[in-house]
Amino acid sequence: MNTVWIVMPILLILMFLLGTDLDKKAFEGVTKNPRAIFTGMTGQIILLPLIALSIAWTLDLPPVYFMGLVLVACCPGGSSSNVFSMLAKGDVALSVTLTAISSIITLFTLPFIMEVTTSFVSEQSGTEINLPIGKLLIQNIALFLVPMLLGIALKKFRPEAAKKVNKALSKIAFPALIVLALTFFLQYTKEIFENFALIGLAATALILAAMLCSSLLSRAGNFSKAVRRTIVIEVGMQNAAQAIAIATSPFIFNSGEMAIPAIIYALMMNVILLIYVAIVKRKNA
């Protein structure tokens, strides 16, 4: 069974849930703190894919994993990053604003970056890889933008209902992701174990490099500690479910192997960011 038929409903739920968290206040940060928004967006849209490309090229990853790692770097973290920002005593309002903007912008930057990556990998490997950009854009709009807009609309016109729906969906979001991870792991156990050392190294390097570079970038902007923590988390956290949906989609890549970096990345990301939060809390204790 193609894992995409499990991940797609989960993604619809997650994006609708994200929409119920957003309103016009989520976008007010653009005018209130434009430098921080610009810094965060630079890290997410430009810095992270470049880091992924560099790591994949340096480690000489096989084409399918090369593209899988870059794909992860193109998918913003979603509402989970807001939770981590809160735990790290970051600027939650900034986190929500960055999440809202990046979730929309990357729907359109992702096809472009993956097209460049596909051309590069095809040239380097001598293997022709085709990316149906039109289908990718349509799937992005259908799976990510539409449910998010529906969630925003529900919050605007039925705020009490949105609050109840948000509370209910929040309870099932994490268990749903666990089910997805377990299903994918069981389906690709052999491939995951055979490549865990290499992809684990690549995923860990991507997370640590993203957090380090975004920290330096935010320090150069002379932001407060709360803002710096938020930018580090926003750049460091990526949406593994979104990457899996694109990799396994029968309309785009139709490759379970390409989704393996996303699964391993999700595992390493949560471990590393929980350690980061623990260190931050200890410093502030």
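Reader: Which residue lies over the face of F157?

Author: In this predicted model, the residue over the face of F157 is K156, at 5.8 Å from the ring centre.

Reader: Turning to ring pairs, how many aromatic pairs does the structure hold?

Author: There are three aromatic pairs. One of them joins F66 and F120, with ring centres 5.8 Å apart and planes at 40°.

Reader: Where in the chain do F66 and F120 lie?

Author: F66 is in helix α5 (residues 63-73) and F120 is in helix α7 (residues 92-125). The two are 54 residues apart, and their pair links distant parts of the chain.

Reader: Is F66 buried or exposed? And what about F120?

Author: F66 has 6% relative accessibility and therefore counts as buried. F120, at 31%, counts as partly exposed.

Reader: What is the geometry of the aromatic pair F184 and Y188?

Author: F184 and Y188 also form a tilted pair, at 4.7 Å centre to centre with 35° between the planes. Both F184 and Y188 are buried.

Reader: A change of topic: where does Q242 lie, and is Q242 buried or exposed?

Author: Q242 belongs to helix α12 (residues 240-248). Its relative accessibility is 4%, so Q242 counts as buried.

Reader: Which residues is Q242 in contact with, leaving aside neighbours within four places in sequence?

Author: With those neighbours left aside, Q242 is in contact with L11, C75, P76, L107, L110, N140 and F144.

Technical notes
Residues are numbered from 1 along each chain as its sequence is written. This is a predicted model: local features need pLDDT of at least 70, side-chain atom pairs count only at pLDDT 80 or more; totals for chains, interfaces and linings use all residues. Side-chain values use heavy atoms; hydrogens and water are left out. Rings of Phe, Tyr and Trp (its six-membered ring) pair if their centres lie within 6.5 Å; planes under 30 degrees apart count as stacked, over 60 as edge-to-face and the rest as tilted. Helices (H or I, at least four residues) and strands (E, at least two) are DSSP runs, numbered from the N terminus. Buried means under 20% relative accessible area, exposed over 50%, partly exposed in between (1.4 Å probe, protein chains only). A charge sits over a ring if NZ of Lys or CZ of Arg is within 6 Å of the ring centre and within 35 degrees of the ring normal. Contact means heavy atoms within 4.5 Å.
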